[in-house]
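User: Hi! Could you walk me through a few spots in this model?
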Amino acid sequence: MASSASEEAGIGKSLEGVSKGQQMENGTPLTSPPYWDSDDDGGPKPVELYGKYTWKIDKFSQINKRELRSNTFEVGGYKWYILIYPQGCDVSSHLSLFLCVANHDMLLPGWSHFAQFTIAVVNKDPKKSMYSDTLHRFWKKEHDWGWKKFMDLSKVVDGFVDSDTLIIKAQVQVIRERADRPFHCLDFQYRRELVRVYLTNVEKICRHFVEEQRGKLGKFIGDKARWPSFCAFWLGIDQNSRRRMSREKSDQILKLVIKNFFIEKEVTSTLVMDSLYSGLKGLVGQTNGKSGIGKHLDAEEQTVPIVSMENDMFVLVDDVLLLLERAVLEPLPPKDEKGPQNHTNDDTSGEDTNRDSIQRDERHLTELGRQTIEIFVFAHIFSKIEVAYEEAVALKKLEELSTEEAV
């Protein structure tokens, strides 16, 4: 993906057949599909909810209409069309582009669905094509979404209109949602495209969250007044109570993950969703000792987890006092200063480099997600323990006060 139209992104307004992605690498089937796209739970897979559409607008210079709609196309069980304003929508001198739900007025009340989509205006030189991506929940009042200022009209004639034909391409990924776990999102090929562009942004979001939580835990450990008191409180609890307080139902925590990242903070990155999902699968793989996890995390990247999965529960793998220091000090995967690579060499060496680059980026994304999920789970469980500690401290003060008054 070459360049991005970023102005006023995500402002609501509006093939050659649907193309289903295949897990291929330079024409060769990959031996092991990404495990986040391999669940067999009866629901549609991301590849089945993904599609492409190409719209060729002939005699573009002769268009005198305010708006123009493409033919309807279907992706993920929904009907869509592209809406274009050749002279701009509420703006001057800009091309406006929107993706719209075609039959929104015929859908049942209360309908809504998430979709990640990319719209591109194609240049004769593919490297100069203009792209923009966004994520949006389409619903009754926001059934069209896109960009008022997709690109300056003065640039449209610079290689974008060829033989008076303008070509617009769309990629649409309907997001499958499950209440009991993070999103299971992207078609493999589409994901690869987004990784090349947005991996750095995902890394910033995950690192910021992990460092913020570690800072809070580290501050608690460093509190010379509270820390000894907390240790005494914890060591004074019986083993059964410790075990009970060191676990939480996974569905409850995963709902909080979605609320924290995608509702309260309005993170609009499906790659963050996929990073957390693949990280969760990585954590489950480590817990179950699955050898397949090695395909996604190198041996030196596989740290001993601080959280494991037991049926439908997240469980701390050791005593909370021992795990606190590890949670605070465990290093994040090193930053990739070069960022995602998009090698285009035609020789065998280039193909090998491209494949290695893809695998490296996927491993990096998975490890970021695993540590983010792990620190989220640990911080959540520890917060419940901390509440119990505060209640115990308050109760003890009341008892001491009562004793003093009695005397």
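User: Great, what should I know about the model first?

Analyst: It is a predicted model, where local features need pLDDT of at least 70 and side-chain atom pairs count only at pLDDT 80 or more, while totals for chains, interfaces and linings use all residues. Residues are numbered from 1 along each chain as its sequence is written, and side-chain values use heavy atoms, with hydrogens and water left out.

User: In what order do the three strands of the open sheet come?

Analyst: The order is S15-S17-S16, with antiparallel pairing. Strands here are DSSP runs of E with at least two residues, helices are runs of H or I with at least four, and both are numbered from the N terminus. Two strands pair if DSSP finds at least two bridges between them.

User: Which strands are at the edges?

Analyst: Strand S15 (247-249) and strand S16 (307-310); each of them pairs on one side only.

User: How many bridges join S16 to S17?

Analyst: Four, and the two strands run antiparallel. One of the bridge pairs is Met 309 with Phe 314 in S17. S16 and S17 form a hairpin with two residues between them, and Asn 311 in the turn has a positive phi of about 55 degrees.

User: And S15 with S17?

Analyst: Those two pair over three bridges, again in the antiparallel sense. Glu 248 stands opposite Phe 314, and Arg 247 has Val 315 as its bridge partner.

User: Are the faces of S17 covered or open?

Analyst: Both are covered: Met 313 and Val 315 are buried on one side, Phe 314 and Leu 316 on the other. Buried means under 20% relative accessible area, exposed over 50%, and partly exposed in between (1.4 Å probe, protein chains only).

User: Which helix packs on that sheet?

Analyst: Helix H6 (residues 270-288), which touches S16 and S17. Contact means heavy atoms within 4.5 Å.

User: Switching topic: where is Lys 59, and what is its phi?

Analyst: Lys 59 lies in the loop between strand S5 (50-57) and strand S6 (68-69). Its phi is positive, about 50 degrees, although Lys 59 is not a glycine. Lys 59 counts as exposed, at 55% relative accessibility.

User: What about Ser 93?

Analyst: Ser 93 is not a glycine either, yet has a positive phi of about 65 degrees. Ser 93 sits in the loop between strand S8 (78-85) and strand S9 (94-101), and at 44% relative accessibility counts as partly exposed.

User: Last one: where is Leu 395?

Analyst: Leu 395 is in helix H8 (residues 348-406), and is partly exposed, with a relative accessible area of 48%.

Terms used
Axes fitted to C-alpha atoms, helices over the stretch in contact; angles between N-to-C directions.
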